[in-house]
Amino acid sequence: MKYPVVQHLSNSVISLSGEIDLNESPNVRKQILGQLQNGSSLLIDLSAVEYIDSSGVASLVEGLQTARSKKLDFALVGVSDSAMQVLQLSRLDTVFTIYESLAGIE
Amino acid sequence: MIRLERLHLISRPDKLKPLRRFVRELAKKQSCSDESQECLVMAINEACMNVMQHAYDDERDKEIIIEFWIDKEELLIKIYDFADTVDIALIKSRDLEDVKPGGLGVHIINQVMDSVNYKHIPGEQGNVLEMRKNLNSSDACDISEQYTK
């Protein structure tokens, strides 16, 4: 699945959706790392994510680390309840910068 | 204790989504609370994923058997793989302060289930994970509590 990418200010925004599991996370990882290769800071919109497992979370962590190594910003936006639960269980909710919506980003 | 279902799964990632749907339906039929239902889905998904990635080393044609047992208000899940027996002492959650991709599955399973036990299949090659969950937990995934464990 190809996830939509839009521009918001100086950031690219990837809007993930559906169920991000072991079957889908390699695709998510590829698209996140591909966008970072382009040199733009990245926002990951998780508002339409119905389910995410630890492999999906691992793709987000790898994105964060890659962004940091390139001195780019990387943040999550509109994290769904389901996704937030997994981030909290993994104690990653304080590791990522999280925005409620794109409107809150300057 | 009554066995509700015995499910045969092939070790392919595309089988996880229908598995999660199956678990949700089974939990609903047992009048499981929404909280316990999501914990079961999460734990069974992570456990099967661990079998696929680690026990079977991403081989896609191996067998996983999942049994669902019920005893009063408690659900017992048994997940069998037929890979080489693993050193049970090595199956543990990693240090979460070390932020890196991967290795979160065991931690998540331990957090959302009431009890978790790894065993070897007696007299055979393979491993079995036994997990228990009260069907009616209302605070089953209460995150504030998890931080104190």
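## Exercises on the A–B interface and a helix pair

Chain A and chain B bury about 2,300 Å² between them, with 62% of that area from carbon and sulfur atoms. Buried area is the accessible area (1.4 Å probe) that two parts lose on being put together, summed over both. This is a predicted model: local features need pLDDT of at least 70, side-chain atom pairs count only at pLDDT 80 or more, and totals for chains, interfaces and linings use all residues. Side-chain values use heavy atoms, without hydrogens and water.

**Exercise 1.** State the confidence of the model and of chain B.

*Solution.* Next, take pLDDT, the predictor's confidence in each residue, from 0 to 100. Chain B averages 90, and 92% of the residues score at least 70.

**Exercise 2.** Describe the contacts and salt bridges between chain A and chain B.

*Solution.* Count contacts (heavy atoms within 4.5 Å). Chain A contributes 22 residues and chain B 29. Then apply the salt-bridge rule: a side-chain nitrogen of Lys or Arg within 4 Å of a carboxyl oxygen of Asp or Glu. The interface has 2 salt bridges. R20(B) and D21(A) form a salt bridge, at 2.9 Å, N to O.

**Exercise 3.** Which residue classes make up the contact of α1(B) with α2(B)?

*Solution.* Identify the helices: α1 spans residues 16-29 of chain B, and α2 spans residues 34-55 of chain B. Sort the contact by class: 10 nonpolar, 2 polar and 4 charged residues. Among the α1(B) members are L16(B), L19(B) and R20(B).

Definitions and conventions: Residues numbered from 1 in each chain as written. Chains lettered and ligands numbered in written order. Axes fitted to C-alpha atoms, helices over the stretch in contact; angles between N-to-C directions. Helix = DSSP H or I, 4+ residues; strand = E, 2+ residues; numbered from the N terminus. Nonpolar A, V, L, I, M, F, W, Y, C, P; charged D, E, K, R; others polar.
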